[in-house]
Amino acid sequence: MKVLHLPTSVGGNSWGLAQGEKALGLDSKVLISQQNWLEYPADINLNIQKIKLKAGRFLKLALAFRQIRNQYDIFHFNFGSSLIHFPNSGLNQFELPFYPEKAKLFVTYNGCDIRQKYPTMQRTQIAACHNPNCYQGQCNSGKLDNYRREGLKKIEPYVKHIWALNPDLLYFLPSDKSSFLPYSLSFAGIELFPPKLNNKKLRIVHAPTNREAKGSADILAALERLQQTHAEYIEVCLVENIPHAQAIKIYQQADLIIDQILIGWYGGFAVEAMQMGKPVIARIAKEDLHFLPKKMASDVLETIIHTEPNNIYEVIQQCIEDRKKLHHHAAAALEYVNKWHDPKYVATITKAKYESS
């Protein structure tokens, strides 16, 4: 079975999943239309960011589509986008009607490709959507919410199944053909680096790709306060705007990871940290856990050190003062990530759906 994941490398998920599928015997590859600053790997990179004119980018994508359309059995889209997607120009997932009839199409939504600002604000009081500066306020007009709804309306009839990497995304997806899929990040190059929890000083790492989305203001305020009250016990490291490979080296030296505290789930950063054996702080929205397998829902509550924006200081303080607790969560993190985020395990989920659809 030949599988092509496209057209983005967001979060490194498509690459990780492709490696898992390869381990199960599938011929799985990743095509990206352009490289982002995190520089996740791909088998095919069209580099359309180097083409200035939109017409030129469209032509490049159209030629690529002509080359790939008959070469694969499965086309697995990610980040809510097919290959030729210019919604601002009325070209909403343009090539979808032109895939061969025998090809099976699937899509994975990663996060803000389907999460909608105003319905989220109505549903919950804690969300990055409440911050008008999240991702430079690009959602404030409501246009992106509409683009996402229109994108789903376009793609849904063509795909056999829809996956969501964050539980809350399933509020926006059709319940009869959608399900949760754990992150699938490649563990290649990510080795065990146990935290030095018996040292007096803990190295605490926070690595936001977008501060407003991750709740960094509350996190950094709590850390600044702790640097006054517990200066001899913590060293704070903020990781931003560097390639993924460089960031990994910094994570290796961490003793405690603080991920995100607004979304209600953890991100790929936390998955990589857990694979190194690090304890992780994040906010887990218990009201969204009914979308998960029951065992995973109970395991995550045992593993992630839960916090809310209004008690992040107290949670970090407890971690500093209770090293036994950190040892417990570090051990749980490694067991959890190997059980639920092993790319080979996640690939068994997608492979089964590829074969049964």
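How many of the residues of helix 8 are buried? In this predicted model, helix 8 is mostly covered, with 8 of its 8 residues buried. The residues concerned are Gly268, Phe269, Ala270, Val271, Glu272, Ala273, Met274 and Gln275. The cover over these buried residues includes contributions from strand 8, helix 7, strand 10 (256–258), strand 11 (280–282), helix 9 and helix 11. After helix 8 comes Gly277, which has a positive phi, near 95°. Gly277 and Pro100 are 177 residues apart in sequence, and their C-alpha atoms are separated by 45 Å in space.

Helix 7 (residues 244–252), which is among the elements that cover helix 8, has as its buried residues His244, Ala247, Ile248, Tyr251 and Gln252. Viewed along the axis of helix 7, these buried residues fall within an arc of 145°, so they line one face of the helix. The packing partners of the buried residues of helix 7 are strand 8 (202–206) and helix 8 (268–275).

For helix 9 (residues 294–303) and helix 11 (residues 323–340), the axes come within 9 Å and cross at roughly 150°. That angle makes helix 9 roughly antiparallel to helix 11, and the crossing of the two helices is left-handed. On the side of helix 9 the contact is made by Lys295, Met296, Asp299, Val300, Glu302 and Thr303, and on the side of helix 11 by His328, His329, Ala332, Ala333, Tyr336, Lys339 and Trp340.

Helix 11 also packs with helix 10 (residues 312–321), at an angle of about 95° and with the two axes 5 Å apart. Helix 10 and helix 11 are therefore roughly perpendicular to each other. Gln318, Cys319, Ile320 and Glu321 of helix 10 make this contact with Arg323, Lys325 and Leu326 of helix 11.

Helix 4 (residues 143–155) can be examined through its span and its burial. At 1.5 Å a residue, the 13 residues of helix 4 should span 18 Å, and the C-alpha atoms at its ends are 18 Å apart, which agrees with that expectation. Within helix 4, Asp145, Arg148, Gly151, Leu152 and Ile155 are buried. These buried residues fall within an arc of 125° when helix 4 is seen down its axis, so they line one face of the helix. Lys143 and Lys153, by contrast, are exposed on the other side of helix 4. The buried residues of helix 4 pack against strand 4, strand 5, helix 3 (117–123) and strand 6 (159–164).

The loop between helix 4 and strand 6 contains Glu156, which counts as partly exposed because its relative accessibility is 25%. Glu156 and Val107 are 49 residues apart in sequence, whereas the distance between their C-alpha atoms is 8.8 Å. When neighbours within four places in sequence are left aside, the residues in contact with Glu156 are Ile162, Pro174 and Lys177.

Pro100 is located in the loop between strand 4 (74–78) and strand 5 (104–109). With a relative accessible area of 14%, Pro100 is under the 20% cut-off and is therefore buried. Once its neighbours within four places in sequence are set aside, Pro100 is in contact with Arg69 and Asn70.

Several features of the backbone complete this description. Most residues other than glycine have a negative phi, and most peptide bonds are trans. In the loop between helix 3 and helix 4, Tyr135 has a positive phi, near 45°, and Gln136 is found in the loop between helix 3 and helix 4 with a positive phi near 60°. Tyr135 counts as partly exposed, at 26% relative accessibility, whereas Gln136, at 68%, counts as exposed. The peptide bond that runs from Leu6 to Pro7 is cis, with omega near 0°, and Pro7 is placed in the loop between strand 1 (2–6) and helix 1 (13–23).

Methods. Residues are numbered from 1 along each chain as its sequence is written. This is a predicted model: local features need pLDDT of at least 70, side-chain atom pairs count only at pLDDT 80 or more; totals for chains, interfaces and linings use all residues. Side-chain values use heavy atoms; hydrogens and water are left out. Helices (H or I, at least four residues) and strands (E, at least two) are DSSP runs, numbered from the N terminus. Buried means under 20% relative accessible area, exposed over 50%, partly exposed in between (1.4 Å probe, protein chains only). Contact means heavy atoms within 4.5 Å. The expected span of a helix is 1.5 Å times one less than its number of residues. The arc is that of the directions from the helix axis to the C-beta atoms. Axes are lines fitted to C-alpha atoms, for helices over the stretch in contact, and angles run from 0 to 180 degrees between N-to-C directions. Angles under 35 degrees count as roughly parallel, over 145 as roughly antiparallel, 65 to 115 as roughly perpendicular and the rest as oblique. A crossing is left-handed if the near helix is turned anticlockwise from the far one by less than a right angle, and right-handed if clockwise.
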